[in-house]
Amino acid sequence: MQTINLISDTITKPSPAMLDYMHNAEVGDDVFCDDPTVNALQQKVAEMFGKEGALFCPSGTMTNQIAIKLHTSPLEEVICDHNSHIYQYEVGGYAFHSGVAVFPVVGQYGKISVQDIEDAIRPETDWFPKSSLVVLENSTNKGGGNYYTLDELRPIRNYTKEKNLKLHLDGARLFNVLVETGETTLEVGSQFDSISICLSKGVGTGSVLTGDRSFIARARKVRKVMGGGMRQAGYLAAAGIYALDHHVNDLARDNANAKAISEVLARLEAVDFLLPVKTNIIIFFLKDPHTAESFLYKLKEKNIIASPFDKMAIRFVFHRDITDGMMEELFDRIKSL
Ligand SMILES: *Cc1c(COP(=O)(O)O)cnc(C)c1O
């Protein structure tokens, strides 16, 4: 039985055409800004988002951590949803690298509002950290792939500007959102001081941070001190260029696959409820006596791999290496659980 791996959209392998494109990339030493393919990727992303510069990094953790470092000073505080990647999954890097605290807001399916931000801003006293940065995630990973539309982003942008807070977007899966809303990268770009996108999420490899010229100049230094200055990185950057040119629109298929499978899951006896499925992620909760552990085992018996997201919850992530044939298989295997 063929294995169907829904553990993450980071597991995709480069296609022969992508490998071919990577193989033919012209490379150089990016520490000297001398890798033409890295430069081309950075310019491409900056232009897409209407920003002055961009920086290719090994991971989305690094792009987020660089942004936090540059937008804050020690003794300050970052406002974000309590389930956000920067708070949950980056090893407390905000404290390690930047000496800042986090105010974890309990938002809705990973989204926070102007009201949430207003409630989280600290009064100016000697004993509170100073609120200085808001980080939004779009789509929201632990929120089940939920997303902000531009109409929801604009008031947050206006409010954070008024309060002198920087606004960073963890856009690891931003393209999964844009294929749903039809909104553009330029429109999203204008709403943030900096944006991180992951090319490793179902499209290719590596991550890119974009922002204004002085921000990116300082970001190069932080990337270097974190050990992320890469040489001949153009081979990986080429995968990113290829992915942006050829794979972004295919994300709509992953979103549709998630929706289709969610309907089958919802009918299972063992499933209590699902978070609303908006993009390529399904998070579902199990009924007692089932647990994430026991259900993962049942999935494994059917050669389906997924990840636990809570004691009682499991996450499926759809990606480009899930073929139409696998989808048919998946329907059958899930129905028979
Ligand atoms: C994957 C992801 C990142 C970055 O992850 P890396 O594994 O460091 O590339 C950041 N934010 C979100 C929401 C993610 O899903």
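How far is the sulfur of Cys33 from the closest cysteine sulfur, and in which residue does that closest sulfur lie? The sulfur of Cys33 lies 13 Å from that of Cys57, which is too far for a bond.

This is a predicted model, in which local features need pLDDT of at least 70 and side-chain atom pairs count only at pLDDT 80 or more, while totals for chains, interfaces and linings use all residues. Residues are numbered from 1 along each chain as its sequence is written, and side-chain values use heavy atoms, with hydrogens and water left out.

**Cysteines**

The structure holds zero disulfides, a disulfide being a pair of cysteine sulfur atoms within 2.5 Å.

**Helices 8 and 12**

Helices (H or I, at least four residues) and strands (E, at least two) are DSSP runs, numbered from the N terminus. The axes of helix 8 (residues 174-181) and helix 12 (residues 251-266) cross at roughly 85 degrees and come within 9 Å. Axes here are lines fitted to C-alpha atoms, for helices over the stretch in contact, with angles running from 0 to 180 degrees between N-to-C directions. Helix 8 is therefore roughly perpendicular to helix 12, a class covering angles of 65 to 115 degrees, with under 35 roughly parallel, over 145 roughly antiparallel and the rest oblique. Helix 8 contributes Phe175, Asn176, Val179 and Glu180 to the contact, and helix 12 contributes Leu251, Ala252, Asn255 and Lys259; contact means heavy atoms within 4.5 Å.

**Helix 7**

Helix 7 (residues 150-162) has 13 residues and reaches 18 Å from its first C-alpha to its last, close to the 18 Å expected at 1.5 Å a residue. The expected span is 1.5 Å times one less than the number of residues. Leu150, Leu153, Ile156, Arg157, Tyr159 and Thr160 of helix 7 are buried. Their cover includes helix 6 (114-120), strand 5 (130-137), strand 6 (166-171) and helix 9 (185-189). Just after helix 7, Asn164 adopts a positive phi of about 60 degrees.

**Val208**

Val208 belongs to strand 8 (residues 207-211) and is buried, at 0% relative accessibility. Leaving aside neighbours within four places in sequence, the contacts of Val208 include Leu41, Val45, Phe56 and Ile197.

Key: Buried < 20%, exposed > 50% of the residue type's maximum accessible area, 1.4 Å probe, protein only.
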